[in-house]
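Work through the exercises below with the sequence and the 3D structure at hand. Try each task before reading its solution.

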Amino acid sequence: MKWRDAAEVVGIGAIVASLIFVGLQLRQDQKIAGSQVFAEYVATDIAYQSTIAEHSEILVKGNSGAQLDEVEQHKLRILMQGAEDRIFQHGRAVRPLGLLMGRSERLFASFLYRNPIARTAWRQVGEDMQRYVDPLSATRDRDYNAFRDRIQGYLDELKELYSRTP
């Protein structure tokens, strides 16, 4: 009987040890996945920054108050759609890993605040989504709307912060 009890204890110990090992392995896999997602985000960010730099004349022209022609307006909307999609989709990818995108969202809002013509194009992208995409879906994308609300909230905070007179 004692031999059987000892075997059961050893068996239970082996099961517990294997569960601990699996838990540690899952934690390590999650860290690796988070690192890979971050590396991909950095790579796409560098590529996107290069794209913005290639079209910086549109931002400079538009921010100066000069009227953009139709092609420039179209390019700017595409750039803002790409920026928004990049940050929004990356946020969806990292959320299951327990990572947050607050800093990236705040950087995007800061970019929009400092570039009024980009902010106008970003708002146009949102209006286009409401007009041409939302009606095609039975349910609204709550994540997307919450994302846009957060960006708008950051813009409102920046406006409040910088409209104060010292």
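A residue is called buried when its relative accessible area is under 20%, exposed when that area is over 50%, and partly exposed in between. The model is predicted.

**Exercise 1.** Decide whether Phe147 is buried or exposed, and find which residues it touches.

Solution.
- Step 1: locate the residue. Phe147 is found in helix H6, which spans residues 142–163.
- Step 2: apply the cut-off. The relative accessible area of Phe147 is 1%, and the limit for buried is under 20%, so Phe147 is buried.
- Step 3: list the contacts. Leaving aside residues up to four places away in sequence, Phe147 touches Glu84, Ile87, Phe88 and Glu105.
- Step 4: compare sequence and space for one of these contacts. Phe147 and Glu84 are 63 residues apart in sequence, and their C-alpha atoms are 9.3 Å apart in space.

**Exercise 2.** Find the salt-bridge partner of Glu84 and state which helices the pair ties together.

Solution.
- Step 1: the side chain of Glu84 meets that of Arg148 in a salt bridge, with an N to O distance of 2.3 Å.
- Step 2: Glu84 lies in helix H3 and Arg148 in helix H6, so the bridge ties together parts 64 residues apart in sequence.
- Step 3: check the burial of both ends. Glu84 has 0% relative accessibility and counts as buried; Arg148, at 12%, is buried as well.

**Exercise 3.** How many salt bridges does the structure hold? Describe the one between Asp45 and Arg86.

Solution.
- Step 1: the count is four salt bridges.
- Step 2: the side chains of Asp45 and Arg86 meet at 3.1 Å, N to O.
- Step 3: because Asp45 lies in helix H1 and Arg86 in helix H3, this pair ties together parts that are 41 residues apart in sequence.
- Step 4: Asp45 has a relative accessible area of 24% and is partly exposed, whereas Arg86, at 16%, counts as buried.

**Exercise 4.** Which residues does Glu72 touch, and with which of them does it form a salt bridge?

Solution.
- Step 1: Glu72 lies in helix H3.
- Step 2: not counting residues up to four places away in sequence, Glu72 touches Ile58, Lys61 and Gln67.
- Step 3: Glu72 forms a salt bridge with Lys61, and the closest N and O atoms are 3.0 Å apart. This pair links helix H3, which holds Glu72, to helix H2, which holds Lys61, across 11 residues.
- Step 4: Glu72 is buried at 16% relative accessible area, while Lys61 is partly exposed at 30%.

**Exercise 5.** Name the buried residues of helix H2 and explain why they are said to line one face.

Solution.
- Step 1: in H2, which runs over residues 56–63, the buried residues are Ile58, Leu59 and Gly62.
- Step 2: viewed down the axis of H2, these buried residues fall within an arc of 95°, so they line one face of the helix.
- Step 3: recall the general rule. An α-helix has 3.6 residues a turn, so residues three or four places apart point the same way.
- Step 4: look at the cover. The buried residues of H2 are covered by parts that include helices H1 (2–54), H3 (70–94), H4 (102–114) and H5 (116–133).
- Step 5: look past the helix. H2 is followed by Gly65, which has a positive phi near 100°.

**Exercise 6.** Which residues form a nonpolar patch on the surface?

Solution.
- Step 1: the patch is formed by Ile12, Val16, Ile20 and Leu24.
- Step 2: together they have about 380 Å² of accessible area.
- Step 3: one of them, Ile20, lies in helix H1.

Key: Residues numbered from 1 in each chain as written. Predicted model: local features only at pLDDT ≥ 70, side-chain atom pairs only at ≥ 80, totals over all residues. Heavy atoms only, no water. Buried < 20%, exposed > 50% of the residue type's maximum accessible area, 1.4 Å probe, protein only. Helix = DSSP H or I, 4+ residues; strand = E, 2+ residues; numbered from the N terminus. Arc of directions from axis to C-beta. Contact = heavy atoms within 4.5 Å. Patch = residues over 30% accessible without salt bridge, like charges linked within 9 Å, V, L, I, M, F, W, Y side chains within 5 Å. Areas by Shrake-Rupley, 256 points an atom, 1.4 Å probe, with all protein chains shown as cover.
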